[in-house]
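Let us take a friendly walk through this model, one part at a time. Keep the sequence and the 3D view open as you read.

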Amino acid sequence: MTLDNRDNMDNDVGAKSVGAVLVVGGGIGGMQAALDLANSGFKVYMVEAKPAIGGAMAQLDKTFPTNDCSMCIMSPKLVECGRHLNIEVIPNSEVTGLDGSPGDFTVTVKTRARYIDPHRCTGCGLCAEHCPVSAARDAFNAGLSSRPSVYIDYPQAVPLAYTIDRETCIGCGLCENICMAGAVRYDDAASTRELNVGAIILALGFEPYDPGQMAEYGYGRYPNVVTSVEFERILSASGPFEGRVLRPSDGDIPRKIAFIQCVGSRDRSCGNEYCSSVCCMYASKEAVIAKEHAPGVEPTIFYMDMRSYGKGFDSYIERAKSEYGVRYIRTRVADISEVPETNNLIVSYEDEVGRVVTEEFDLVVLSVGLEPPKSAAGLARALGIELDEYGFARTGTFDPVETSRPGVFVCGAMQGPKDIPETVTQASGAAGAAAALLASARGSLVREKTYPPEKDLRGKGPRIGVFVCHCGINIGGVVDVPAVVEYARTLPHVVYAERNLYTCSQDTQKRIQEKIQEHGLTRVVVASCTPRTHEPLFQETIREAGLNHYLFAMANIRDQCSWVHMHEPELATEKAKDLVRMAVARAALLEPLERLPIPVKHSALIIGGGLAGMTAALDVARQGFEVHLVEREGELGGHLNRIYFTLKGEDVQERLRDLIRRIDGEPLIHVYPGCVVTEIAGYVGNFKSKIAPVGGGIEAEVEHGVVIVATGAGEFKPDKYLYGEDPRVITQSELEELLATGKIQPGSRAASTGTGRTFVMIQCVGSREGERNYCSRICCSEAVKNALRLKAADPEANIYVLYRDIRTYGEREVYFQRARAAGVVFIRYPEDEPPVVEPVAGPEVEQGGKGKPVGELRVVVRDTLLGSKVAIPADMVVLAAAIVPNDSNRELAQMLKVPLDDNGFFLEAHMKLRPVDFATEGVFLAGLAHAPKSIDETVAQAHAAAARACTVLSLEEIRSDGIKSEVNKARCSGCGMCVDVCQYKAIELDFKERVAKINAALCKGCGACAATCRCGAITLKGFTDEEILAEVNAI
Amino acid sequence: MESETFEPKIVAFLCNWCSYAGADLAGTSRLYYPANVRAIRVMCSGRVDPAMMIRPFIDGADGVLVLGCHFGDCHYLTGNYQTDQRVRIVWEVLRQVGVDPGRLHLDWVSAAEGARFAEIVEEFCNRMRHMGPLQASLPSGPLPYDLPLALAIAAEIVEGERFRWLLGRLRELREQGSVYGERIDAARLEQLVRDVIAEEYVRAGVQVLAAREPLSVKDMASKLGLAARDVLKQVAYLKKRGVLDIYDVRQQSPRYQSTTRIGVDDLG
C-alpha cells in the first residue's frame, strides 16, 4: 500500500463504522487475531474452510525451539475461541464476495453442507464407530491412516462436531439411526449468508508443497519416502502409530533417517524460488523428537544453508548436534533410489568438495516447503487484493499486515512463509490495525459476559466432584483411570466422580456444569494435565455454573505422572491416586475469593522512539488512547536513522519523515525527547512513572495503564579485521550511509581510500561466535541489499561475500539469487577459520593529507568449496556487525520486573504463543529489544504490542487475581518483618494501630510475607497454611 | 536395613513459575524419574514456611525437596533468596533434633530444565533409598532417640517467635549490618543462630513434653538428653511466663505440666 492510500484509508472511515471483523482462517493466526479483537470490544466472525478450526498447528507434534507440545499450548486458545461470547466460528465455509468500503463491508460467505447439526452433535463418536465405511483417506494424518465417512479431525476439535464426508459416504442411513442426539441431517444443503463487518483479516495459512511433482526423490513411488508433515503425524501421540517412530513400508523402527531440505523451496524449477523459512528448524526438531521417541534412531539432515536465524534457534541446532547426535551434511541431494528387497533408500549427493557419495537410509523425510493455499488465488479475486508472483498476499516493508485493499489485512504464512511466533505476532498486529480502523465502533456489537450469581455456600459442607481425564491415551494409556475414579469416590467429601476422554473438551465443560447442578457440588477437582495451562479454563467453567473461581483444585496426573512413569503403570496409578487425594484434601478447605476490580488508566507509556515505539504509539493513539513516548536521544527514529533503503528498494528516510510527521500531528501522543524513564511503580492498569531528562532532574510524572518496551538494540563495534585501524574497513551500515549520501561511487574513488571497485563483505562479525551464540538475522539480507546496490551502480564491481550460512529466509532469498546472477561471489568460510584481513606490503600512498601510509588490503579466506585458501585484494572491506542488546536493558528489566534472556535481550512470556507479552501483566515488547529483526518484522511486532496493550486499555476495569495476602489484625504484633520481605511494597505498617496493612492491588500473591510472619498473622488466600498442610498430610 | 527394596516417600514443594514448569517439561519431554515424589505447587518457593518443611516428616515422608527458581530468575524477585535462608536454618534445626539434614534438599530448576528436574528427583530418591526409612533412622544428635518427639520439637522450634524473628532478619543482618550500621562477622552470626536454636530446642522440648504428661525436670532432661541444670532454667522461665504450672510433687520432685496444650504460639 502506498502512503497516499493509507491517508485515504484513514479518511474513508467515519461515515459508518461497523464494530465487527471477519477473520478468514481458523489456524493459530486467525485465532490470535480473533481473540485480540474480541477481547478489545469487537465482534468477530471466523470463517474456516475445514469442519474445525486449529489449522496446521493442530497437526504438529512439538514446536521448536522449546519442544512444547503443540496441541497442549494451543488448546486453551482453541477452547477460548469456541467459548468466546463475541467470536462466532463459521466452519466448512468460504468467502465468495466482498462489497463496500473500509469500515463498512458486506461479505458473502458460503457454507458447505455438513450433514450433521453442529449444535446438536455432542461429539460422542458413536456414529464413527459404527460407520460401515472405514477406508476414507484421513487427511489430518496426512493420509497415513484411514477414517470412516463420518469423522472428526482430532479429539480437541472446535466445534466438537462430526462431519459426513459426502464423497465417500454410501448413504446407508445407519448413523441417523444410532445418533442419540438426533444431529444427523441428510438433507443438509449448502447455504449462503451475508455478514456486515468493518474490516477483514486474512489468515489462510499455507499448504505444504506436494513433492509428487519431483521425480528425483521418488515420493509416491517409494513407500519409505515421506513428507515432513507425514513424519510429524508419525511422531505425534495422536498420529497413526501413536507416537511410535515406524516406517510405512513394514512398520519397522527405522535406524537411519535422512531429512532432505529445500524440497519445493529455493528451487526455480518448481517455481518456488523463495526460502520457506521454517524447514531447517522443523527438520531439526523432528530429528530431535524422533531421537527422543526412539533412541536408536540416527538422523541426518541434508541442507544447503542452515537457516536457524530466530531467537534461540542457533543454540537449538547446537544441542541437536551435541546432545542428540543429529548429523548435518551440507549438500543438495541429487537423487534417491530404492533397494527393492528392503525398501531402503539410497541417497546420492555431492559432498562439499565435489565427490559423489551414496548412503543407504531406512527412511527419508522430505522437508517440504510452504506454498500459499490453493484457495488464496480465488479469494484474492473475490476480495480484490493483489498477490505477489508466488501467490502470497502482497504487502509493503512498512505495512506488513496491510493488503492492497484498504480495510483488508493479512497475517501469517499467507503473507509469506513464517513460523508460529511470527504468525502470532502478525495476527495481533493485523488485529490492532483493524481495531485502529474501527476504534469509533468499539463495543457497539459485543455482548458482555454475565455470570450467574455465586451460590451461597454458607452452612454447606464441601461437596466435591472429581473429574479424571484420560487425555486420549496420554493418561489412560498408563494410569488405570477407572481405578482412580473408584478411589476418588471413597475420599472424604467426594460426592461424585467420573472420567472423561478429554476433560478439557467443550462438551465436558458442559458436563461438569451439569454435574455441579445435579449433585450440588461446591468444589471441583480435575485430575488431568497441568494447572499452568488449564486451570483458567476449568475455573471459568465452574464460575459459569455459579461456583467461585477459586473453589477448584487440580491434580497433575499427566505431565508429572503418566508421562514420566510410563514404564511403571502400577506406580503411576498409585501416584495418581495420591495426587487426587491431595487435591481433594486441598479442595475441602478452599474458600471463595474475590477478584478485585482495578480501574484502568487509559494511556500507555512507550519506552523508545524508534520504528517500533513510533509505530506502536500511532496504533495506540489511533485506537483512541493517550501515549507517552519516551526517547533517550534528542530526536525520534532510533536505528532507522541509519537505514536508507530496503531490500525491495523503498526509501526508508522518507518513511521515517512521514512517521515523525504523523506523530507530531497526533494530539494524543506526548513525545519526551532526550528523556529516560527513571521509575516505574504500580501494576497493570495503574502504573505511575517518572520521566527525566538524560542529564538528571524530573521532566514529568505520568500515570498509565500499560507499558510497551521498544528500546531497540545497538550495533556491535567490531574488534577485529582491522576495523577502527584502517579506514577502508567499515560496517554494512557505514557502507549504506556512504552509498546513500553519494560519498561512495563504485568504479570511481571509493570513499577516501583511492580508486577501487573490489569489495569484500565479511558476515557474522560478532554474531554466532563466542558469547553471542545467536544470529543477528538481518545481516545476510543487508549484505545482499548493499551488494545489489553496488552492482547496480557499477556492474563491473567485484563483490565478494564471505559467509557461514546465507540466511536470506522467505522471499529475501529471491534477492540473494539476484545477487548471484549479477555476479556477486559468495564464498563460505569455515566456522573455526575466519577470514584474515591484512595489509600487504607495497608502494605506500599518501592519503587525505594526513600523511598516514596505507598499503593495499588483502583478505585471505579458506574457500570450503575449493578446499584451499584464496587471497582477495580488497579496496574496501565491509563487516556485518552483530546486533547487540543495550546495556541499559538490565536496569529497565529490574524496574519492570521482567526477565532478560541469556544474551541480554528481553524475554517474552512464551516463545511460541505470547511473543510480544511479558509474564508481567500489562507490559509488552516490540522491536530489536526483543531480538534482532528486520523492518517489516519490527513493524508487525509493534502493531502486535499495541494491539495487545489495547486489550487492556479498552477495559474499564480489570479483575485482579484473588490470590492475595491478608493480615489478621488480632494476631499481628506490628514487627514489620513482612514489610521488609515484600518486594512489591504492598505492605505498610500502620503505626497508629501497630499492625501491618496490605494493599491488595499491589500484592502479587507470592506468600513471602506469610512464610516470614513470626506470629502466624498473615494468610495467603488461595494458598493458606491449612490448605498446603492438608496436601502434605494427605501424602 | 531393607534399603534394597525400600521406596521412600518424598514431598516436593515446587514453585509455579520455574520448578513446577520444569517438572511439566520433564513430562512433555517424557523424561523418566522415580514415581516416589508427590508435588505440592506453591506460587513461590518463598511461600514455603519452615513449618511446611518439617511437617511432611511428621506426616510420614522420608524426604522433602524444595525447588525454586535459579537466583535472579525469581518471578517475585527475591523469594528464592529467602527460601535459601530458610532451608539453611531448618537444616540446623534438623541437626539439633537428630534428624539427618540431608533429608531436606534445596535446589533450583528453571522452567526450561525438565531434564534437570528429573535428575534432581532421581538423585534425591536414590539418596533416600540409601538412607532408608526415616522411621528406622539412627539418631545423629544428643537425644535418646524418640523420632516423634524430635519432630514435634522441631515443629515447635520453627513456630517460635524468637526463631522466626531471627530468621526474618538474618539476610539483612548479614548484608546490611545491624541497626547501628555495624557489620556483623559471619562466623558470629552463625554461632548466634546455633545458640538460639540450641536454646529454643530446650524450651520447645520442655513444652512438648509438658504438654504430653506431667514430668519432673530430671525426667525431661533424660528424655531430651540434656543436663538437668539447663532444663531447669527453661522450666523456671516458662513457669514465670505462666506457660507451665506445677502439677504435683512426687518424691521431692515437682512435676510440671503445660497450662495450655498449644504451646509456644501463644507466648508473649
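## Two domains in chain B

The centres of domain 1 and domain 2 of chain B, taken over C-alpha atoms, are 28 Å apart. Domain 1 of chain B covers 10-136 and domain 2 of chain B covers 147-266, with bounds that come from an automatic or database domain assignment. Everything here belongs to a predicted model, in which local features need pLDDT of at least 70, side-chain atom pairs count only at pLDDT 80 or more, and totals for chains, interfaces and linings use all residues. Residues are numbered from 1 along each chain as its sequence is written, while chains are lettered from A and ligands numbered from 1 in the order in which they are written.

Where the two domains touch, 19 residues come from domain 1 of chain B and 17 residues from domain 2 of chain B; two residues are in contact if their C-beta atoms, placed from the backbone, lie within 7 Å. On the domain 1 side, helix 2 (50-58) and helix 3 (79-97) of chain B each supply at least two residues. Helices (H or I, at least four residues) and strands (E, at least two) are DSSP runs, numbered from the N terminus. Helix 3 of chain B gives the largest share of that side, ten residues. The domain 1 side has twelve nonpolar, four polar and three charged residues. Here Ala, Val, Leu, Ile, Met, Phe, Trp, Tyr, Cys and Pro count as nonpolar, Asp, Glu, Lys and Arg as charged, and the others, Gly among them, as polar.

## Helix 3 meets helix 7

How do the axes of helix 3 and helix 7 of chain B cross? They come within 10 Å and cross at roughly 45°, helix 7 of chain B being residues 186-212. Axes are lines fitted to C-alpha atoms, for helices over the stretch in contact, and angles run from 0 to 180 degrees between N-to-C directions. This makes helix 3 of chain B oblique to helix 7 of chain B: angles under 35 degrees count as roughly parallel, over 145 as roughly antiparallel, 65 to 115 as roughly perpendicular and the rest as oblique.

From helix 3 of chain B, the contact uses I89(B), E92(B), V93(B), Q96(B) and V97(B), and from helix 7 of chain B it uses V193(B), R194(B), I197(B), A198(B) and Y201(B). By class, this contact has seven nonpolar, one polar and two charged residues.

## Where chain B touches chain A

The contact between the chains takes 46 residues from chain B and 52 residues from chain A. Helix 1 (19-28), strand 2 (37-42), helix 2, helix 3 and helix 6 (161-176) of chain B each give at least two residues to the chain B side. Helix 1 of chain B supplies the largest share, seven residues. The chain B side has 21 nonpolar, eleven polar and 14 charged residues.

## A look at chain A

Chain A has 25 helices and 52 strands. Its C-alpha trace spans about 100 × 85 × 60 Å along its principal axes.

Now for some backbone details. Most residues other than glycine have a negative phi, and most peptide bonds are trans. A cis peptide bond joins F64(A) and P65(A), with omega about -5°, and P65(A) lies in the loop between strand 3 (62-63) and strand 4 (68-69) of chain A. The bond from V158(A) to P159(A) is also cis, with omega near -5°. A142(A), a residue other than glycine, has a positive phi near 50°.
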